[in-house]
Amino acid sequence: QVQLVESGGGLVQPGGSLRLSCAASGSFLSINTMGWYRQAPGKERDLVATITRSGSANSLDSVKGRFTISRDNAKNTVYLQMNSLKPEDTAVYYCYAFVLEPAAPPTWRGVWGQGTLLTVSS
């Protein structure tokens, strides 16, 4: 099975910065779109940012200018650089990837990471 391994969450003060990483491992043939979602306490899970294999990115309006998504295809890794963090950014952040698995025929499947908690508080 494909696994997405996340790292980089933790406690940070308002105005601080943090970078999340998510690396895909296991058996797969290719990865297309990757992205980040977040779920704040008492709220639904929301899309934060996505990026295609070729580098075309989109992001939530509330994080534009503060968050930047990027990826390293050679490392099968997606990143989320978060600057000027606010308390309302506090959430569990989930990595997502659309993965081509070696079935017969090969099959695309969406895969979720386990989530990493970001807490923005003084």
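This is a predicted model: local features need pLDDT of at least 70, side-chain atom pairs count only at pLDDT 80 or more; totals for chains, interfaces and linings use all residues.
Where does glutamate 6 sit? Its place is in strand S1, residues 3-7. Glutamate 6 is buried, yet it has no salt bridge. How far away is the nearest side chain of opposite charge? That side chain belongs to arginine 45, and it is 8.4 Å away. A salt bridge would need a side-chain nitrogen of Lys or Arg within 4 Å of a carboxyl oxygen. As for neighbours, leaving out residues up to four places away in sequence, glutamate 6 touches several residues, including Trp36, Tyr93, Tyr94 and Gly113. Cys22 and Cys95 are also among them.

Those two cysteines are my next item. A disulfide is a covalent bond between the sulfur atoms of two cysteines. The count here comes to one disulfide. Cysteine 22 is joined to cysteine 95, with an S to S distance of 2.0 Å. Cysteine 22 lies in strand S3, residues 18-25, and cysteine 95 in strand S9, residues 91-101, so the bond ties together parts that are 73 residues apart in sequence. Are these cysteines buried or exposed? Both cysteine 22 and cysteine 95 are buried. Which hand does the disulfide have? The torsion about the S-S bond is about -85 degrees, so the disulfide is left-handed.

From strand S3 we can move on to strand S8. S3 and S8 run antiparallel and are joined by six bridges. Within this pairing, alanine 23 stands opposite threonine 77 of S8. S8 also pairs with strand S7, residues 67-72, again in the antiparallel sense and over six bridges. Here isoleucine 69 has leucine 80 in S8 as its bridge partner.

What do S7 and S8 form together? They form a hairpin, with four residues between the two strands.

Last, why is S8 described as largely enclosed by the rest of the structure? Strand S8 covers residues 77-82, and five of its six residues are buried, so the description follows from that count.

Definitions and conventions: Residues are numbered from 1 along each chain as its sequence is written. Side-chain values use heavy atoms; hydrogens and water are left out. A disulfide is a pair of cysteine sulfur atoms within 2.5 Å. Buried means under 20% relative accessible area, exposed over 50%, partly exposed in between (1.4 Å probe, protein chains only). Lys and Arg count as positive and Asp and Glu as negative; His and the chain ends are not counted. Contact means heavy atoms within 4.5 Å. Two strands pair if DSSP finds at least two bridges between them.
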